[in-house]
Amino acid sequence: MFRFYNTLSRTVEDFKPNEEGKVAMYTCGPTVYHFAHIGNIRTYIMQDALIKSLEYAGYDVKRVMNITDVGHLSSDADTGEDKMVEGAKREHKTVMEIAKFYTDAFFKDFDAVGNKRPDVIEPATNCIPEFIHMVQTLLDKGYAYVAGGNVYFDTGKLKDYYVFSSAVEKDDLEIGVRDDVEEDVNKKNKTDFVLWFTKSKFEDQALKWESPWGVGYPGWHIECSCISMKHLGEYMDIHCGGVDNIFPHHTNEIAQSEAYLGHKWCNYWFHSNHLNDQSGKMSKSKGAILTVSVLQGKGYDPLAYRFFCLQSHYRKPLVFSYDTFDNAVSAYNKLVKRVSELRADGAVDEAAKKEFETKFCEAVSNDLNTSMAVTILYDALKADVNDATKLALVESFDRVLSLDLIGHAKALGEGAAVDSELEAYVNDAIARRAEAKKAKDFATADAIRDELKAKGIEIKDTREGVEWHLV
Ligand code: AMP
Ligand code: ZN
């Protein structure tokens, strides 16, 4: 049985999808006003591990993700400036240029760490008619009101607004009611949230659309409710995000979706914990952003970062430091080396393979215990089975781990072959040149030197013999 922690019930629950064997999953996507840091990418790696574990266990997963390119204000409590406008101003570009640039940058890093792309990826700006329809329905049903030109969701109409209450720190629940946050006098209840902005103080808002309530733009939360329903229908199995999404974002998504539908919407809420640096939570607004591409620029393999993430449990905060990361990098390299030494030497021991696969499946089905899954990989490599079986297991486990162990091991092997071929060729050329010199055939000796030079190899005569290096 596949089990994982459901933030809604605050317990590890057996997973029962609405339709047998099928999973309808939604992921909150990035806000594309800046680069996604390695913390954001940790969240997407752990979601990818969840999807692939479900698939390993036999489920057919359909996953939808939004791209937030409008409506997410600098405070989750509907105050501050639209993050996209902020990004555009910072870089003297249009909002759509910013959105395109950071969406591309996001997927470059998303792909580099071995993630599978969601089946549907939908930018919020694609779905304005759907947002307007949902807002209108909420108004018609009496769950929303117009005040000061904006449309608000009325949380006072719900019996249970704080569905995640005990999963969230009290401080977070008080977002929007803190002294430093400007109070929105239009709100009937402190927790009410904007569904549609019209008369906002954000004159610079670049993207605006006609609506029954005037020209404006959608609030942030509405996009996830609409985009998920557009592609997954009225019932969803798993909704994913980082722990900071629990409140107010996911709380508000549930409020408006269930008010709109008139029934329960999503059964399981999967939240992964944050990556912190030594000074605290990583955040896009904190200045210098450490991205997967930056790590790559420093010579790190993005899959070593994936390995680093898989070694710890998704529900625990993870601290990034170069020391701990370097340990993971060296463990990853050793793992690749170990796999490169395996030779497919005969028949796979199917019984032993099945036994290991069952253990692996149990680990990932047990609240996504990826570190245990990695341990089982090590156990398989140490086990008393032939190399062909080990290789088959590496291939099998990599369907979830996505560490490209076999690909990397092959590249390592080919690299070694190239090196030894090169060495043999150079040694042979040096020997031929020595023969030519001995026979006083200096023309041939020089021709050999030139031949090597043309291949980027320089040789130098020293007292210890001929030395060579690549230029
Ligand atoms: P954003 O682009 O800010 O909307 O964030 C994209 C995803 O990254 C969301 O699911 C967030 O919950 C998640 N996230 C934000 N900060 C962190 C962090 N420091 N560590 C892990 N995930 C994070
Ligand atoms: Zn969302």
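N189 touches Y145, D154, T155 and G156, leaving out residues up to four places away in sequence, where contact means heavy atoms within 4.5 Å. This is a predicted model, in which local features need pLDDT of at least 70 and side-chain atom pairs count only at pLDDT 80 or more, while totals for chains, interfaces and linings use all residues. Residues are numbered from 1 along each chain as its sequence is written, chains are lettered from A and ligands numbered from 1 in the order in which they are written, and side-chain values use heavy atoms, with hydrogens and water left out.

N189 itself is found in the loop between α5 (170-173) and β8 (193-197); helices (H or I, at least four residues) and strands (E, at least two) are DSSP runs, numbered from the N terminus. With a relative accessible area of 26%, N189 is partly exposed, given that buried means under 20% relative accessible area, exposed over 50% and partly exposed in between (1.4 Å probe, protein chains only). From N189 to H249 there are 60 residues in sequence and 16 Å in space, C-alpha to C-alpha.

**The chain as a whole**

The chain has 15 helices and 16 strands, and its C-alpha trace spans about 100 × 55 × 35 Å along the principal axes. Of its 471 residues, 52% count as buried. Among the contacts in the chain with a separation of 6 or more, 76% come from residues 24 or more positions apart.

**The zinc site**

H249 also belongs to the metal site, where the zinc ion (ligand 2) is coordinated by C28 (SG), C224 (SG), H249 (NE2) and E253 (OE), at 2.0 to 2.7 Å. Donors here are N, O and S atoms within 2.8 Å of the metal (3.2 Å for Na, K and Ca), and water is not among the atoms, so sites may look incomplete. The angles among the four donor atoms run from 72 to 130 degrees, and the site is irregular; four donors count as tetrahedral if all angles lie between 85 and 135 degrees, four count as square planar and six as octahedral if opposite donors are over 155 degrees apart and all others between 65 and 115, and anything else is irregular.

In sequence, the donor residues of the zinc ion (ligand 2) follow the spacing C-x195-C-x24-H-x3-E. Distant parts of the chain are linked by the pair C224, in helix α6 (residues 220-232), and E253, in helix α7 (residues 246-261), which are 29 residues apart. C224 counts as buried because its relative accessibility is 1%, and E253 likewise counts as buried, at 0% relative accessibility. Helix α7 also holds P248, and the peptide bond from F247 to P248 is cis, with omega near 0 degrees.

**Helix packing**

Two packed helices are described by the angle between their axes and the distance between the axes. Axes are lines fitted to C-alpha atoms, for helices over the stretch in contact, and angles run from 0 to 180 degrees between N-to-C directions.

The axes of helix α2 (residues 83-91) and helix α3 (residues 95-112) come within 8 Å and cross at roughly 95 degrees. α2 is therefore roughly perpendicular to α3, on a scale where angles under 35 degrees count as roughly parallel, over 145 as roughly antiparallel, 65 to 115 as roughly perpendicular and the rest as oblique. M84, V85, G87, A88, R90 and E91 of α2 make this contact with V95, I98, A99 and Y102 of α3.

Helix α1 (residues 38-56) and helix α9 (residues 302-310) pack with their axes 10 Å apart, at an angle of about 75 degrees, and are therefore roughly perpendicular to each other. Their contact involves I38, G39, I41, R42, I45, M46, D48, A49 and K52 of α1 and Y305, R306, C309 and L310 of α9.

The table gives the residue classes, in which Ala, Val, Leu, Ile, Met, Phe, Trp, Tyr, Cys and Pro count as nonpolar, Asp, Glu, Lys and Arg as charged, and the others, Gly among them, as polar.

| α2 with α3 | seven nonpolar residues | one polar residue | two charged residues |

S272 lies in strand β11 (residues 266-272) and is buried, with a relative accessible area of 1%. Apart from neighbours within four places in sequence, S272 is in contact with T43, M46, G241, G242, V243 and Y314.

Most residues other than glycine have a negative phi, and most peptide bonds are trans. R10, although not a glycine, has a positive phi of about 55 degrees; R10 sits in the loop between β1 (3-6) and β2 (11-14) and counts as partly exposed at 41% relative accessibility. K440, also not a glycine, has a positive phi of about 60 degrees; K440 lies in the loop between α14 (405-438) and α15 (442-454) and is exposed, with a relative accessible area of 64%.
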